[in-house]
Amino acid sequence: MVNENLVKDVVKEPYKYGFVTDIETEKIEKGLNEDIIKLISQKKEEPKFLLDFRLKAFKKWQKMKEPNWAALGYKKIDYQDIIYYSAPKQKEKISSLDEVDPKLLETFDKLGIPLTEQKKLTNVAVDAVFDSVSIATTFREELAEHGVIFCSISEAVKNHADLIEKYLGTVVPASDNYFAALNSAVFSDGSFVYIPKGVTCPMDLSSYFRINSGDSGQFERTLIIAEESSSVSYLEGCTAPMFDTNTLHAAVVELIALDDASIKYSTVQNWYAGDEEGIGGIFNFVTKRGKCLGKRSKISWSQVETGSAITWKYPSCLLLGEESVGEFYSVALTNNLQQADTGTKMIHIGPKTKSTIVSKGISAGNSKNSYRGLVKMGTKATGSRNYSQCDSMLIGDQASANTFPYIKSQQPNSEIEHEASTCRISEDQLFYLQSRGIEFEEAVSMMVSGFCRDVFNQLPMEFAAEADKLLALKLEGSVG
Amino acid sequence: MQSKMKESDPILEVENLSASTDNLPILKGVSLTVYPGEIHAIMGRNGCGKSTLSKIIAGHPSYNITNGDIKFLGENINSLEPEERSQSGIFLGFQYPIEIPGVSNLEFLRVSTNARRKFLNKEELDTFDFEVLVKEKLEIVKMDHAFLSRSVNQGFSGGEKKRNEILQMALLEPKIAILDETDSGLDIDALRIVASGIKKISNAQTGIILITHYQRLLDEIKPNYVHVMSDGQIIKTGDSDLALELEEKGYEWTDNFIKET
């Protein structure tokens with residue numbers, strides 16, 4: 001059919017962030033062993049407890065096997081062929097943004113994340129991470145006035161060692177899984193957020209992760225702590241240049257919410273996805289988990305996953321506190337030969353806990369898109385409730401979508417509800433919109449954003465607009 | 001029939017049109033000319049090619065034109081995309097309006113209306129101005145404002161879907177409207193609302209093609225011409241009396257026409 005082919009054309013949008021910044025970098029040699037880990041720790045001037053944390057994690061990792069249960073296929077990763085630390089060469093100590101290499105500022109400018117005083121985004125504080133290190137964090141003074149700490153995790157290790165020692169690895173233990181163990185051993189940088197008791201963070205916080213070099217992995221670590229009755233909205237964006245090799249990105253994100261605290265964590269992931277033949281692209285193997293420790297605490301994940309050759313992540317919530325709430329809203333778009341195996345885990349431990357899962361998977365081209373989720377009701381989770389909705393949309397006839405919902409209940413006095421649907425953009429729907437004067441591309445993108453509306457409604461305003469645009473871009477193409 | 005002198009140029013000229021889908025011939029030489037202010041009715045058994053004719057005029061990609069031409073305002077439109085045909089003033093009212101989950105009816109109507117306005121070099125309407133326009137048009141089809149906040153046609157009853165089609169026609173102000181069995185599945189009250197809506201929207205400048213099985217719509221909207229289709233051809237054309245005769249004698253009566261030709 002004519003339109004079938006048009007749909008295929010329309011999803012071929014070239015990647016717009018594929019440029020490489022030509023900058024002198026400090027890289028350590030390839031490979032992974034105890035000496036490398038000691039070297040990373042030494043470069044970052046870390047306290048002993050952290051080096052011990054890393055070495056312990058490394059020992060565990062060596063004993064673990066790379067998991068293979070996901071509905072994914074990829075060539076075996078050679079962990080000795082990766083550079084574990086790569087940083088742009090800069091002056092030893094940077095006291096202000098003026099001293100940051102202009103090439104770096106330019107890079108973030110090009111990505112739409114201006115960092116300089118004159119141009120910086122007005123209502124969002126940004127931590128910009130380039131390969132293994134954090135380049136700059138904006139609005140730090142303003143945030144400090146409210147007692148909010150927002151800095152790179154390396155700085156937090158130096159200046160807030162007590163908080164790091166208390167919380168690091170408490171939500172995602174090093175032994176949690178293969179990639180979490182690897183991250184714990186070699187993590188280089190990432191963001192740290194601390195919201196003190198009773199404070200509503202005065203602006204959205206955001207981290208922007210940029211992978212620049214082709215042969216180094218990115219292993220960032222993010223830790224967010226919301227004290228009693230505090231709240232914060234955090235945004236995460238990611239891009240990478242186009243290389244014909246695969247780059248490993250194995251991040252760990254830990255969130256902790258105490259009594260009556262709320263954390264909203266939103267991601268727009270647009271790592272390089274590889275080309276049409278599936279050459280190159282990022283392996284995005286990420287462990288994200290939040291712990292609702294306090295009563296009535298709330299953690300909400302929303303994610304728009306459009307990039308990466310392979311996405312493998314399950315932002316999850318441990319619902320310990322009585323009446324705590326976990327949410328997961330996800331849009332995952334795959335195209336060409338992209339693969340995504342993503343979903344969430346909602347572990348209900350405390351009584352009267354509530355969770356909501358809304359997942360929208362869109363598969364185009366020859367891609368594979370799976371939702372995998374676990375809802376577990378523990379013995380003490382009386383009166384707890386879960387609602388899950390998993391919808392898939394297929395574009396073209398070569399793409400595939402799977403849903404793997406796992407449900408475990410040890411508590412009869414709890415409710416679990418699961419709904420799932422699969423739809424295809426039909427020729428009739430497209431013709432209907434076109435016969436009302438709406439261009440083909442706009443018709444496709446209208447239907448896709450309509451499909452994702454429940455999730456977009458959960459994103460912060462600016463992000464929702466960006467996500468909508470990003471999906472439209474991904475679906476826009478050469479239709480003349 | 002249409003050989004008498006007309007004062008203005010035709011809106012639509014279908015000339016000896018043959019078309020197929022999956023190599024199966026559906027239309028076998030259809031000719032039809034519509035002048036401004038005219039109402040044409042096309043009747044015929046299910047599967048005779050009525051709906052196909054309407055879809056081909058609107059540009060449905062599943063059909064291939066194997067012979068003949070479609071001209072709109074004197075220009076050949078055989079190769080135009082469906083959206084270009086709509087923007088330039090061709091409207092197809094669907095027999096089975098399509099549901100589009102998640103897309104708000106209001107936004108759909110606005111984007112559609114603006115696409116037509118852009119073509120006409122009229123200012124595109126923002127949400128506030130559009131709200132004013134759509135309220136006025138809702139009156140024509142006696143639809144509740146609540147319809148606008150729902151997804152396009154989703155969960156609409158048969159009658160609501162048809163009224164939503166007429167609402168779109170009212171917003172797009174087409175030069176020619178082809179209404180494919182807009183009357184089917186309507187109760188008497190809904191039929192009256194739809195019929196009076198069509199009458200209000202059409203004027204001396206527009207052309208209407210009604211595809212129908214039933215006289216009851218033609219009682220409300222009296223056609224200038226009635227065409228009977230069979231096996232991909234128009235086998236007889238007459239005035240409104242032809243429809244009455246058809247109602248009385250049934251399609252079997254028309255089988256004789258084929259034998260005659």
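In helix H1 of chain B, the residues B:Lys50, B:Ser51, B:Thr52, B:Leu53, B:Ser54, B:Lys55, B:Ile56, B:Ile57 and B:Ala58 are buried. A residue is termed buried if 20 or more other C-beta atoms lie within 10 Å of its own, exposed if 12 or fewer do, and partly exposed in between, with C-beta atoms placed from the backbone. Helix H1 (residues 50-58) of chain B is thus described as mostly covered, nine of its nine residues being buried. Just after H1(B), B:Gly59 adopts a positive phi of about 95 degrees. Helices (H or I, at least four residues) and strands (E, at least two) are DSSP runs numbered from the N terminus.

The model is predicted: local features require pLDDT of at least 70 and side-chain atom pairs count only at pLDDT 80 or more, whereas totals for chains, interfaces and linings use all residues. Residues are numbered from 1 along each chain as its sequence is written, and chains are lettered from A and ligands numbered from 1 in the order in which they are written.

Chain A contains twelve helices and 23 strands. Of its 480 residues, 56% are buried. Two residues are taken to be in contact if their C-beta atoms, placed from the backbone, lie within 7 Å. Among contacts in chain A between residues at least 6 apart in sequence, 82% link residues at least 24 apart.

The largest nonpolar core comprises 194 residues, and A:Val193, A:Ala226, A:Ala257 and A:Ile263 have the most contacts inside it. Helix H10 (residues 440-451) of chain A contributes the largest share of this core, seven residues. Such a core is a set of buried Ala, Val, Leu, Ile, Met, Phe, Trp, Tyr and Cys residues joined through C-beta atoms within 7 Å. When residues up to four places away in sequence are not counted, A:Val193 touches A:Ile149, A:Phe150, A:Leu205, A:Ile224, A:Ile225, A:Val232 and A:Tyr234.

Helix H10(A) also packs against helix H9 (residues 427-434) of chain A; the two axes come within 9 Å and cross at roughly 120 degrees. H9(A) is therefore oblique to H10(A). Axes are lines fitted to C-alpha atoms, for helices over the stretch in contact, and angles run from 0 to 180 degrees between N-to-C directions. Angles under 35 degrees count as roughly parallel, over 145 as roughly antiparallel, 65 to 115 as roughly perpendicular and the rest as oblique. From H9(A), A:Gln429, A:Leu430, A:Leu433 and A:Gln434 take part in the contact, and from H10(A), A:Phe440, A:Ala443, A:Met446 and A:Met447. These residues divide into six nonpolar, two polar and no charged. In this classification, Ala, Val, Leu, Ile, Met, Phe, Trp, Tyr, Cys and Pro are nonpolar, Asp, Glu, Lys and Arg are charged, and the others, Gly among them, are polar.

In chain B, helix H4 (residues 127-141) and helix H5 (residues 158-172) pack with their axes 9 Å apart at an angle of about 130 degrees. H4(B) and H5(B) are therefore oblique to each other. B:Val134, B:Lys137, B:Leu138, B:Ile140 and B:Val141 in H4(B) meet B:Arg163, B:Ile166, B:Leu167, B:Ala170 and B:Leu171 in H5(B). Eight of the residues in this contact are nonpolar, none is polar and two are charged.

The contact between the chains takes 21 residues from chain B and 19 residues from chain A. Helix H2 (82-88), strand E7 (100-104) and helix H3 (105-119) of chain B each provide at least two residues of the side that touches chain A. That side of chain B has eleven nonpolar, seven polar and three charged residues.

Several individual residues were also examined. B:Asn16, in strand E1 (residues 12-21) of chain B, has a positive phi of about 45 degrees although it is not a glycine. B:Asn16 is exposed, with 12 other C-beta atoms within 10 Å. B:Asp22 lies in the loop between E1 and strand E2 (24-34) of chain B, and its phi is likewise positive, near 50 degrees. With 9 C-beta neighbours inside 10 Å, B:Asp22 is exposed.

In chain A, A:His418 belongs to strand E23 (residues 415-424) and is partly exposed, with 15 other C-beta atoms within 10 Å. Apart from neighbours within four places in sequence, A:His418 contacts A:Ser388, A:Pro405 and A:Ile407.
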